[in-house]
Each structure stands twice: as structure tokens, then as C-alpha cells.
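Could you walk me through this model in the viewer, one selection at a time? I would like to know what to pick next and what is there.

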Number of protein chains: 2
Amino acid sequence: MNITLKPTPEIILTGDRATGPLHLGHYVGSLKQRVFLQSQHEQTILVADMQGLTDNAHNPAKVSSNILNVVADYLAVGINTEQTTICLQSQLPALAELTMYYSNLVSIARLERNPTVKAEIQSKGFERAIPAGFLTYPISQAADITAFNATLIPVGDDQLPMLEQTNEIVRKINHLANKKVLNECRPLLSNAPRLPSTDGKNKMSKTMGNTINLGASEKEISAAVKAMYTDPNHLRVQDPGQVEGNIVFTYLDAFHSDKDYVEQLKSQYRRGGLGDGTTKKILEECLQSLLGPIRNKRAEYLNDKAQLMAILKQGSQAAKEKTEKTLFDVKAVFGLNIL
Amino acid sequence: MNITLKPTPEIILTGDRATGPLHLGHYVGSLKQRVFLQSQHEQTILVADMQGLTDNAHNPAKVSSNILNVVADYLAVGINTEQTTICLQSQLPALAELTMYYSNLVSIARLERNPTVKAEIQSKGFERAIPAGFLTYPISQAADITAFNATLIPVGDDQLPMLEQTNEIVRKINHLANKKVLNECRPLLSNAPRLPSTDGKNKMSKTMGNTINLGASEKEISAAVKAMYTDPNHLRVQDPGQVEGNIVFTYLDAFHSDKDYVEQLKSQYRRGGLGDGTTKKILEECLQSLLGPIRNKRAEYLNDKAQLMAILKQGSQAAKEKTEKTLFDVKAVFGLNIL
């Protein structure tokens with residue numbers, strides 16, 4: 001007799017900094033997976049507006065203007081509020097309070113050793129002018145994760161140092177309490193490779209114009225695919241072309257549903273006889289049919305901002321109760337529930 | 001016609017880290033002044049338990065066990081809850097939230113330049129193992145001060161760098177908002193010189209046993225005065241003695257109500273003919289009569305912990321409303337009151 005066991009549900013926390021609309025990189029890197037995970041696990045998505053401010057405090061509109069966009073992005077790709085709690089970081093005071101308590105357990109030297117933060121400081125040119133909130137954001141992430149008592153965190157490998165930091169804090173709290181108060185968390189590494197930008201060179205960024213947003217118009221999609229980086233040595237259709245590093249093929253791999261067909265195209269391209277115009281046309285059709293319905297749903301949601309706000313408010317209320325429970329437990333460790 | 005104008009009431013924030021019972025140093029340095037100020041100004045006293053944890057996270061009982069002691073100290077010296085709001089820092093989530101927002105406006109380099117924090121890091125031997133919460137506590141203090149929109153802060157001169165940091169943050173917020181959202185604050189420098197420890201050498205500290213707590217027993221007061229540092233060269237009663245650096249005289253200056261009498265004693269001591277036994281006896285009588293009623297009231301309050309907790313709860317509730325109003329205003333600057 002075979003019994004099919006349902007996997008034990010995990011508590012999943014995931015989220016995005018609300019610093020811009022989401023794009024295809026988010027779609028393959030995390031959103032698709034979240035839609036899959038929500039049916040089997042207890043999933044919370046945190047719209048991280050406070051974290052978004054850690055390097056945008058002097059341009060806060062970059063964050064505030066994107067909060068509802070990001071929520072619309074979630075709903076448009078199929079995040080279901082019956083299955084997933086969507087909440088707003090700045091609506092959850094317990095996260096700031098936990099950050100304060102945890103800050104006493106992490107040294108400045110430890111924060112400065114975090115390789116991801118180190119790389120970000122370098123790439124942003126902060127050096128010693130780094131805002132305190134930016135250097136300490138791994139503590140704030142630990143607060144987010146533990147506030148929900150999350151057990152499984154979908155991450156790219158650059159985020160592994162954050163989970164290490166989180167688990168260090170968890171162990172310190174549990175050690176101080178002399179019992180298990182908080183869960184350690186495990187990473188759920190995405191099996192999708194990181195989607196490159198359309199120019200094939202730079203990191204995806206709105207200002208570089210090298211992304212395709214989920215809400216991109218038909219024209220924008222068409223223009224982005226036309227400008228996409230291919231094989232610069234593939235000058236004539238009949239010439240053999242290179243598939244590796246050819247962004248059109250990277251995107252076909254990521255988005256085309258017929259994998260065999262993509263393999264055939266690759267062979268033909270390598271042999272010669274397949275032009276970039278044709279591959280781009282195939283990719284454009286694929287992306288138009290993927291993004292068309294998403295764009296429409298997204299626009300519908302954004303047309304009814306009151307509904308989006310209600311969704312975010314309801315999710316945040318549910319999250320508030322959970323996170324305050326954890327805060328209570330952590331304050332108990334420090335003996336501070338005296339009133 | 002003479003009109004006596006009342007001074008414009010100031011919003012005063014003051015407080016203590018709850019890391020030990022208060023002692024005579026607090027009495028002359030701040031408590032007496034608070035009792036005076038409360039009748040003319042809007043005064044809030046913050047029991048800073050969260051700040052107490054910034055360098056005691058691994059020994060949290062040092063903080064939690066002292067919260068009610070400190071409240072009893074306040075009430076025993078004459079702080080009147082009709083005139084002064086006594087509140088507990090960890091009961092005010094807005095303080096942690098404001099700290100998070102302000103952290104994005106202050107660089108690590110700026111924090112490391114704070115001369116008081118620098119000196120404390122050195123004296124505590126933290127070096128790079130300094131907890132993040134300790135390096136950033138001036139930001140948390142700025143959150144405390146601005147949350148109440150305080151205009152006047154009673155401080156010792158070692159705390160002036162904290163007010164400078166606070167006003168820098170205030171100016172940044174007001175600049176971002178393009179209008180006045182927060183008040184800058186001014187220091188109210190204590191005119192009482194810092195009371196030395198009874199040993200005349202070390203900083204006052206419970207572990208050094210060189211303080212006289214407000215709740216000290218008759219015997220403890222007597223023993224502390226007997227062990228007090230005087231003039232080590234004043235060996236025989238008839239010898240001339242030195243008043244400067246003689247802790248018995250420093251305490252007589254600070255606590256004896258009859259200043260002329262103290263001056264007479266000083267002359268006699270300088271001339272010779274006044275023994276340390278006599279000066280100590282005079283000081284002991286003075287301190288016994290000062291601390292007797294305080295000790296009794298303190299014990300009464302501590303006998304009714306439920307009442308102390310009710311006082312702290314009520315004060316914290318009033319403070320919560322004020323601080324959340326400020327949080328709302330600051331979140332508005334960052335565009336985050338969308339829900």
C-alpha cells in the first residue's frame with residue numbers, strides 16, 4: 001500500500017525591496033516559485049519599504065511610489081491572498097523593535113565581515129559614509145525572518161550570508177533563554193540561474209533601461225527584444241553563431257515552454273542559417289504572450305488602488321499579530337514583559 | 001504696573017538607564033532639578049531599559065530587575081506623576097521605528113566620531129567588538145528626544161554630542177520635508193558639579209562599592225561615610241588639613257543646607273583642630289536626615305509593586321500617544337502613511 005505523504009508545511013518568508021516595479025528577473029528568480037509554494041506552505045511576502053530606505057532615505061519617493069506597484073505585480077503573476085499573506089514592513093512595529101534588541105547581540109566587526117554587504121558598500125561607493133541603517137540591514141532582515149518564525153527562506157546564493165547572520169542571532173537568543181525561542185531557518189536556493197540584463201553586461205537596473213518590467217507595454221517589450229545583446233560576431237545569417245552569452249537564447253531558455261524547440265533553434269544557430277531577427281521574433285512572441293495577461297491584470301489592480309490598499313492592510317494586520325507574538329517571546333528573554 | 005510673566009513651558013525629556021538603583025550622584029546631578037522643573041514645564045522621564053541593554057544584552061537581569069527600583073527612586077525623591085510622565089522605553093514601539101528611519105540618515109563614520117561614544121568604547125574595552133546597538137545608541141537617543149518633540153534636555157556636558165547628533169537628524173528630516181516637522185532641542189546644563197565617588201578616585205559604580213544609593217540603610221550610610229576619602233596627610237587633629245579633594249567636604253558642599261556653617265568648618269579644618277571623625281559625623285547626620293525619609297518612601301513604593309507597575313503603565317500609555325503622533329509625522333516625510 002502506498003501512502004503519498006504531503007510534505008510538512010514550512011513557514012516561508014520572502015519579499016522585495018519596494019524600490020521599483022518588478023521585472024522578468026524577479027519573475028523567473030522568485031515570483032514563479034512563490035506561486036508554486038503558496039499552495040503547500042504558509043507563505044508571507046514582505047514588501048520591504050523600510051529596507052528600501054536604507055540606501056534611498058534622501059529620495060524616499062523611490063520607495064513610497066512603488067509599494068502598490070509591487071503588490072499589483074504579485075497579484076498579477078498569480079499570488080493568491082487566500083494562500084499568501086502580503087504585508088508592508090513599515091506597518092509592523094515589532095520588526096523595528098526586534099531589530100533594536102538583536103542589535104545588541106551583533107558587533108560592528110561582524111556586520112563589516114558580511115561579504116554581500118561588503119560588496120554592496122563597494123558597488124555603491126559608500127565607503128565610511130555608509131548609512132548606519134545600511135550596514136545593519138542584515139540585523140533587520142533577521143528581525144523579519146524570526147518575527148514570522150520562518151523556517152524556509154527562498155534566496156539566491158548572495159543572500160546566504162544573511163541567513164547565517166540570522167541563525168547566529170537565533171542561537172544567541174535561544175542560548176540566553178536557555179530554551180528554544182526562535183527557529184533557525186534554512187535556505188531554499190532557487191534552481192533558476194540568475195537572469196541577465198538585456199544588454200548582457202550590467203546589473204539589471206531601471207536607470208540602465210536593461211530590464212523588461214512585468215507591466216511593460218507591447219512596444220516596450222518589442223524594443224527591448226530588438227535591442228537585446230546576441231553574438232556580436234554573428235554578422236550574416238549563414239554564419240555560425242554562438243549561443244552561450246547570447247541573451248536571446250538565455251531568455252528563450254528561461255521563458256519558452258517548448259524546450260525541444262529551443263534546442264533545435266540552438267543547433268541551427270550554431271550551424272549557421274538562423275538570423276538574430278528570427279530568434280528575436282520567436283522570443284518576442286513568447287514574451288508578449290507571457291506578459292500580455294500579466295500586464296492586463298496588473299493594470300486592473302492598479303486601477304483600483306483602494307482594493308490594493310485593503311489587501312495590504314489586511315495582510316499587514318495578520319502579520320502584526322504574528323510578529324507581536326514573537327516580540328513578546330523575545331522581550332521575555334530580556335525580562336521586559338513586566339507591565 | 002508690573003506683570004510677572006511665567007516662563008514659557010518647555011517640553012523636557014530626561015531619563016536614566018535602568019541598570020542599577022539611583023544614588024546621591026543622581027540626586028544632586030539630576031533628580032533635585034527634575035523635582036524643581038516639573039512644576040513649570042511639561043516633563044517626561046524615560047526609564048531607558050532598551051538603552052540599558054545596549055551593553056548588557058548578555059546580562060539582561062541587570063536591566064529588568066532595576067526598572068521598578070528606578071521608578072521607586074523617582075517617586076521617593078518627589079517626582080509627582082500629576083506633573084511628570086514616567087514611562088518605559090520598551091513600551092514605546094515608535095522609538096524603535098524612529099530609530100530605524102533615522103539610521104538611514106547617519107553614517108557609521110559620523111557615529112564613530114562621537115567623542116562620548118568613543119570614550120565609552122575605549123573604557124569598556126569594546127574596540128571592534130562593539131555591539132551595533134551600542135555604536136548607534138545616539139540615534140536611539142535622538143529618536144527618544146524627537147518622539148516627544150522635546151525642546152529642553154537636562155544634560156551633563158558629556159551628553160552635548162548627543163544633542164548635536166539629534167539636531168543634525170532634526171535638520172535632515174526638516175530639510176527632506178521642506179518644512180519644520182521636528183523641534184531642535186537645547187541643553188539645560190546642570191549647574192551642580194559632578195559628585196565624586198566616596199573613594200575619590202574611581203567612577204561611581206555599584207561594583208566598586210563607592211556610591212551611596214538613595215535606598216541605602218542607616219548602616220550603609222554610616223559605613224560609606226566612615227570609609228570616605230579625606231586628606232591622607234591630615235594625620236592628627238591639630239594638623240592643618242586640605243579641603244580640596246577632601247570628599248567629606250565635597251559632600252558637605254553638595255548636601256548640607258547651612259552653607260555658612262560649612263565654610264566655618266572648612267576654615268577650621270584648614271587651620272588645624274578639626275578631626276576627620278568630627279567632619280564625618282556632621283556629614284553622616286546630614287545624609288541620614290536627607291536619606292531617611294527617601295528610604296522610607298522608597299520602601300513603601302517597592303512594597304506595592306502593583307501600584308508602581310500601574311504608574312509606569314499609565315505614563316507609558318500617555319507617552320505612546322505622543323510618540324506615535326511624531327512617528328506619523330516622520331513617516332509622512334518618507335511617504336509611508338499610505339494605508
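A polar contact here is a pair of N or O atoms within 3.5 Å; within protein, one of them must be able to donate a hydrogen and the other to accept it, and residues adjacent in sequence count only if both atoms are side-chain atoms. Keep in mind along the way that this is a predicted model.

**Stop 1: the two chains together.** Show chain A and chain B and look at where they meet. With that rule, 10 residue pairs are in polar contact across the interface of chain A and chain B, both partners being at pLDDT 80 or more. Salt bridges across this interface number 0. The two chains bury about 4300 Å² between them, and 71% of that lies on carbon and sulfur atoms.

Now colour the helices of chain A. Helices 2, 4, 5, 6, 8, 9 and 15 of chain A each supply at least two residues of the side that touches chain B. Helix 5 of chain A gives the most, with 7 residues. Colour that side of chain A by class and you will find 31 nonpolar, 14 polar and 6 charged residues.

Stop 2: In the contact count, 51 residues of chain A face 51 residues of chain B. Since 100% of the interface residues of chain A are also interface residues in chain B, the copies meet through the same surface.

**Stop 3: Gln141(B).** Select this residue in helix 9 of chain B, residues 137–147. Is Gln141(B) buried or exposed? Its relative accessibility is 14%, so Gln141(B) counts as buried, the limit being under 20%. Leaving out residues up to four places away in sequence, Gln141(B) touches Gln51(B), Gln159(B) and Met162(B). With Gln51(B) there is a side-chain to side-chain polar contact at 3.2 Å.

**Stop 4: salt bridges within the chains.** Over all chains the count comes to 32 salt bridges. Start with Glu263(A) and Lys266(A), whose side chains meet at 3.2 Å, N to O. They sit 3 residues apart in helix 13 of chain A, so about one helical turn separates them. Glu263(A) is partly exposed at 41% relative accessibility, whereas Lys266(A) is buried at 9%.

Then move to helix 15 of chain B, where Asp329(B) and Lys325(B) lie 4 residues apart. Their closest N and O atoms are 2.7 Å apart in a salt bridge. Finish by selecting Arg17(A), Asp55(A) and Lys124(A), which are linked in a network of salt bridges.

Note on methods
Residues numbered from 1 in each chain as written. Chains lettered and ligands numbered in written order. Predicted model: local features only at pLDDT ≥ 70, side-chain atom pairs only at ≥ 80, totals over all residues. Heavy atoms only, no water. Buried < 20%, exposed > 50% of the residue type's maximum accessible area, 1.4 Å probe, protein only. Contact = heavy atoms within 4.5 Å. Buried area = accessible area lost by both parts, 1.4 Å probe. Salt bridge = Lys/Arg side-chain N within 4 Å of Asp/Glu carboxyl O. Nonpolar A, V, L, I, M, F, W, Y, C, P; charged D, E, K, R; others polar.
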